[in-house]
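Subject: Structure handover

Hi,

Here is the structure we talked about. Please open it beside this note; the findings follow below.

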Amino acid sequence: MGYAIKKGILYLLLVLLAAMCLLPFLLMLVNATRSGAEISTSFTFIPSSYLKENWQILSDYFDLFLGMRNSLIVAVPATLLGAYFSALTAYGLAMYKFKGNKIIFGAILVFMMIPGQLSLIGFYQLCTKLHLVNSYVPLVLPAIAAPGTVFFLRQYILSSVPPSLVEAARIDGAPELYSFHRIILPLIAPAMATMGIMGFIGNWNSYLLPMIILNKNEKFTLPVMMATLRASLDMVRNQGATYLAVAISVIPILLVFCFFSKYIISSISAGAVKE
Amino acid sequence: MKMKKLLALVLAGLMTASMVGCGSEDAGASASSGSSSSDSSSSTSTSSAAADSTEATVTGDGKLVVWTLAADLKQFAERYTEKTGVQVETVVIEPAEYPTKVQTAIMGGEKEPDIIVGEPQMLEDFFDNGFFANLDELGAKDYEGQIVDYVWKVGQDASGVQRAISYQITPAGIYYRRDIAQEVFGTDDPDEIGKKFADYPTILETAKALKAKGYRIFASDSEINYFSGDSAWVVDGALNVSEARFDYMDLVVSLYQNDLTAYANQWSTPWFQAMSGDVPILTAEIQNYEDDSVNVWDAESFAEATADLERTTVFAFGLPSWGVLTMRDNVGETSGKWGVCAGPAYGFGGGTYIGISSLSERKDTAWDFVKFCTLNEETADWWIEASQGDTVSLISALDKHKDDENPIYGGEKLYSFWLEQAKGIDYSKVTKYDKVIGDAWGAAIGAIKTGQATKEEALNTFYDTIQSTYPEIQLNR
């Protein structure tokens, strides 16, 4: 009896928490169907009938699917490159003992603390000289150097990958890269999936750099396109359209999350060493 | 030991391999750019000086690139293409990030944008950094006097060189309810009602008269903010807090403390609601000015919290001329019952100013585009139609439309009214410090009216803020 009550209370709390997390989402979906004037004068969870008008406003400003495609072109390679090369670096720093290991790690930590916005003008100049303005290269390639991810993965490898696994592989004659790909990567997949989700969300929502680097409407990524809805006297009227754009733009994030979260759960129990 | 060395080698090999992998693309790109890199570097080094140079090289390739923060220009560009056949590429950038974008691009030597724009508060920095080309050299002087005077002045840099022109004017006015005016004051004539807003003590009297009849003068107490810039904040390098500023402060404090407004925040839900009918009078507890903590966004708790509150109808709003459009979208059933009259002083807010990038290689086409947007009567006519009531800056167009009646505002002839208001604006009173000092002054007023600080404390905080933000400004406390 006491157990049931305890459980009841627990579930009630969890339901409350879930509602708190989901209500803003629901509100976003509802607001996507309301007109700007309605949004600014009242608040409700009952959908209105302006979905079509909002879509019309949206299409007048930009092509949502083009923006999604552009964002995918940037976010997918940037995420994959970032996760793979960070894992490589982290593995090297965690598994091999060599002179300067500590110094390199220290340097990575220091770079983690420098905000990227500081060097915007210099970065832009570099890109003009390299003729990379209006290209996705400066948005994708720098993602390879992700100090935060390296730091996280190094700690993860140190704590959960026993060196004896690699040693065993070596004894059996596996080349170093081979043992990294076949033994280490599957083991650290949960950590990489976590960082992959973070990285994808970060790249997908990235606004400042694409806004600076891209000068052509047809090359804009989704967040840059969406911001143009605010560049009008009709800002209040465009609110419904903004909600609609945001609602649609989170779909890929949700998909990626579902995809990666499978890995987070499935590999926690995979492979280990008998002590 | 041998193993270790081997590992180190492998690692080093991997690192170089990956670096070569990434590097090859860059190397190719930079090699191909080798031929043009010399001239691009020279142009970046002179980017700040280029503003004064006269390299009006016309490529005449029939193309133009516009970077704008107002979506309006997109319509202008489409019409320009229609009329002249010049292909215009319009890139719209969010206003908040626009200065960053332009600054990074122009300082980075970007030649792509031909047309760049700015709002009044951004312009001074843009001018100082030489982002805008000299329009006088392209012949802007010939058009002096065709544009409303204050707009012309806003587009000039510190030494009086024309660098930008706006297609719109944004003088501020008081939007009031004609039916309430008729009931309380016995007249709804804009000139007569304007007298009720002639100065700060009079506004307080007006507010009390309205309250006695069960109305409230304003929804928020920020409505007269647009008119408060009657004296310059900085004169000859010294902070200037005029008597009018203190009068304004006293008025806001008494409006708040004597329950003379509906306690809504500007741009919040009840503020918009007040445009279309009666609203509950919020109390200071519900509408927390400090952190906006009222649940005005949450209708149910809002309705609950305000169920016992008295309801009232708001008499007036203070907004610049673009408020005509804001009101139009929100007045609902009160459409036609509104009027517009002058405020206690002249003021203006916002406006998009068009200029030419100093690095543009198509300056002549760009100048033609600027003239098309701002100095062409036909365009102005079209824009009045297309924008459904925006106020243009071209005097001849305003004259032509001076008898246009706006049905939402009881058939008032708004264009001639705005022209009159715009004539009174004295742009010499605007400084680049206005935004920060104005915000600090607003914070001081907020602290006093809510009783968080005494007047003296709040003023001291205000002076401290100014001193730390702008050490170069002299203070006479």
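Is A:His131 buried, exposed or partly exposed? A:His131 is partly exposed, because 16 other C-beta atoms lie within 10 Å. The scale is this: 20 or more other C-beta atoms within 10 Å of a residue's own make it buried, 12 or fewer make it exposed, and anything in between is partly exposed, with C-beta atoms placed from the backbone.

Before the rest, some ground rules. This is a predicted model, in which local features need pLDDT of at least 70, side-chain atom pairs count only at pLDDT 80 or more, and totals for chains, interfaces and linings use all residues. Residues are numbered from 1 along each chain as its sequence is written, while chains are lettered from A and ligands numbered from 1 in the order in which they are written.

**A loop in chain A**

A:His131 sits in the loop between α6 (120–129) and α7 (137–140) of chain A. Helices here are DSSP runs of H or I with at least four residues, strands are E runs of at least two, and both are numbered from the N terminus. A:His131 is not a glycine, yet its phi is positive, at about 55°. A:Asn134 belongs to the loop between α6 and α7 of chain A too. A:Asn134 is no glycine either, and has a positive phi of about 70°. With 13 other C-beta atoms within 10 Å, A:Asn134 is partly exposed.

**Helix pairs**

Two packed helices are described by the angle between their axes and the distance between the axes. Axes are lines fitted to C-alpha atoms, for helices over the stretch in contact, with angles from 0 to 180 degrees between N-to-C directions.

Start between the chains. The axes of α6(A) and helix α4 (residues 98–107) of chain B come within 8 Å and cross at roughly 50°. The pair α6(A) and α4(B) is therefore oblique. On this scale, under 35 degrees is roughly parallel, over 145 roughly antiparallel, 65 to 115 roughly perpendicular, and the rest oblique. The crossing of α6(A) past α4(B) is right-handed. Left-handed means the near helix is turned anticlockwise from the far one by less than a right angle; right-handed means clockwise. A:Leu120, A:Ile121 and A:Tyr124 of α6(A) make the contact with B:Thr104, B:Ala105 and B:Met107 of α4(B). Contact means C-beta atoms, placed from the backbone, within 7 Å. By class, the residues of this contact are 5 nonpolar, 1 polar and no charged. Nonpolar covers Ala, Val, Leu, Ile, Met, Phe, Trp, Tyr, Cys and Pro; charged covers Asp, Glu, Lys and Arg; the others, Gly among them, are polar.

Now within chain A. Helix α5 (residues 101–112) and helix α8 (residues 147–160) of chain A have axes that come within 8 Å and cross at roughly 130°. That makes α5(A) oblique to α8(A). The crossing of α5(A) past α8(A) is left-handed. From α5(A), A:Ile108, A:Leu109, A:Phe111 and A:Met112 meet A:Pro147, A:Gly148, A:Val150 and A:Phe151 of α8(A). This contact has 7 nonpolar, 1 polar and no charged residues.

**Chain B**

Chain B has 19 helices and 12 strands. Of its 477 residues, 43% count as buried. The domain assignment gives chain B domain 1 (54–170 + 350–427) and domain 2 (173–345 + 433–469); such bounds come from an automatic or database assignment. The C-alpha centres of domain 1 and domain 2 of chain B are 31 Å apart.

Best wishes

How values were computed. Two residues are in contact if their C-beta atoms, placed from the backbone, lie within 7 Å.
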